[in-house]
Amino acid sequence: MVGRKQVWSCRVTGIKPGKPAWAEATGAYVPGRDKPDLPTWKRNFRSALNRKEGLRLAEDRSKDPHDPHKIYEFVNSGVGDFSQPDTSPDTNGGGSTSDTQEDILDELLGNMVLAPLPDPGPPSLAVAPEPCPQPLRSPSLDNPTPFPNLGPSENPLKRLLVPGEEWEFEVTAFYRGRQVFQQTISCPEGLRLVGSEVGDRTLPGWPVTLPDPGMSLTDRGVMSYVRHVLSCLGGGLALWRAGQWLWAQRLGHCHTYWAVSEELLPNSGHGPDGEVPKDKEGGVFDLGPFIVDLITFTEGSGRSPRYALWFCVGESWPQDQPWTKRLVMVKVVPTCLRALVEMARVGGASSLENTVDLHISNSHPLSLTSDQYKAYLQDLVESMDFQGPGET
């Protein structure tokens, strides 16, 4: 009589860069003294898996360019040998393996107890419980520092998508190319650019009042034109976040054109990305393509992604013209996106002296290695919806 088979599936993604717990626990690897040998660790781990009785390779997805991994099954059966060797080629190059490290891995795997679960009914697939969340270890600390308010195994960068989280915006205004205003705000319902403090306060969004031109300009003609533009803002130019999108809508009569450009200068060599609609919201920034471009940038094969929103208020976009001739130009920078790009430029933080603050509410500065940073970015991409704002 053939015994009943109990199967547990586990996902193996290989040894990722870092400090393997088994190597540290056995003294085979001492941080700060030994040089990490990632290819050997990965090769030894795979070899130990192959020799484990009752363990077989169920699916080999190591060639998946987006999510390379293998799925192994622990099999406890009355008869038969269900082991199946992993015959995938070693892409990490040749070299002798460490018998000591392999023996240690064999011992660790051998200690795994695969006792059948109580089975009151028909046989079914038993699902292993999720592991307890592990705190992220800073490379320069002996004790782990957990992220606050994070769920099990949560990617801290996913807070960029959490509804209700307040993004911080740096707002800078220019009159005829002269900077006349800068303010950093954080509000749950977004912001509204208004031309008068006596605006409609029943509208959503934090009102950001642009200054009177008489405080910075001397040309009376230009002052008069700028005041006219500000008076036409009416209820204001609203900007807010929903999910991975930034949306904008004008609540007055003043036409406004926008573009996502460099932070230092608007992209005046080309036309605008669009006009802010009046009677409905319009998407002006999608976090998804930004993160994809950021990953390419960290790999050294692309330019720095753009994240600064420029608005030309009351006039046409300065295409092929000096933007400094426009009466009112406003730049809005989400500070969390600036921090992400700055971290990519330095290759990821390697110590507490080189951290990145994402400027998200309830979020503390993150100390990440370059590899952790890239892994979190890739995981963030997989959590996003890449449909356009008007698609279903």
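A crossing of two helices is right-handed if the near helix is turned clockwise from the far one by less than a right angle. With that in hand, here are some close-up views of a predicted model.

Figure 1. Of its 392 residues, 40% are buried. Take the contacts in the protein chain with a separation of 6 or more: 63% of them come from residues 24 or more positions apart.

**Figure 2. Helix α5 packs against helix α6.** Two packed helices are described by the angle between their axes and the distance between the axes. For α5 and α6 (residues 335–345), the angle is about 15° and the axes lie 9 Å apart. Angles under 35 degrees count as roughly parallel, and α5 and α6 are therefore roughly parallel to each other. Their crossing is right-handed. On the α5 side, the contact is made by Leu287, Phe290, Ile291, Leu294, Phe297 and Thr298; on the α6 side, by Leu337, Leu340, Val341, Ala344 and Arg345. Sorted by class, the residues of this contact between α5 and α6 are nine nonpolar, one polar and one charged.

**Figure 3. Helix α5 also packs against helix α7.** Here α5 (residues 287–298) and α7 (residues 370–382) pack at an angle of about 155°, with 9 Å between their axes. Angles over 145 degrees count as roughly antiparallel, so α5 and α7 are roughly antiparallel to each other. The crossing of α5 and α7 is left-handed. From α5, the contributors are Ile291, Val292, Leu294, Ile295 and Thr298; from α7, look for Tyr373, Lys374, Leu377, Gln378, Leu380 and Val381. The contact of α5 with α7 has eight nonpolar residues, two polar ones and one charged one.

**Figure 4. Helix α6 is seen with the elements that cover its buried residues.** Eight of the 11 residues of α6 are buried, so α6 is largely enclosed by the rest of the structure. The buried residues of α6 are Thr335, Cys336, Leu337, Ala339, Leu340, Val341, Met343 and Ala344. Their cover includes the strands β4 (168–175), β12 (282–286) and β14 (328–334), together with the helices α5 and α7. After α6 comes Gly347, with a positive phi near 80°.

Figure 5. Phe290 belongs to α5. Its relative accessibility is 3%, so Phe290 counts as buried. Setting aside neighbours within four places in sequence, Phe290 is in contact with Phe285, Pro305, Arg306, Tyr307, Leu337, Leu340 and Val341. For a distance to check in your viewer, Phe290 and Ser304 are 14 residues apart in sequence and 9.5 Å apart from C-alpha to C-alpha.

**Figure 6. Arg192 is shown in strand β6.** Arg192 sits in β6 (residues 191–194). Arg192 counts as buried because its relative accessibility is 2%, and buried means under 20%. The side chain of Arg192 reaches the backbone oxygen of Pro204 at 2.9 Å.

Key
Residues numbered from 1 in each chain as written. Predicted model: local features only at pLDDT ≥ 70, side-chain atom pairs only at ≥ 80, totals over all residues. Heavy atoms only, no water. Axes fitted to C-alpha atoms, helices over the stretch in contact; angles between N-to-C directions. Helix = DSSP H or I, 4+ residues; strand = E, 2+ residues; numbered from the N terminus. Parallel < 35°, antiparallel > 145°, perpendicular 65-115°, else oblique. Contact = heavy atoms within 4.5 Å. Nonpolar A, V, L, I, M, F, W, Y, C, P; charged D, E, K, R; others polar. Buried < 20%, exposed > 50% of the residue type's maximum accessible area, 1.4 Å probe, protein only. Polar contact = N/O pair within 3.5 Å; in protein donor to acceptor, adjacent residues only side chain to side chain.
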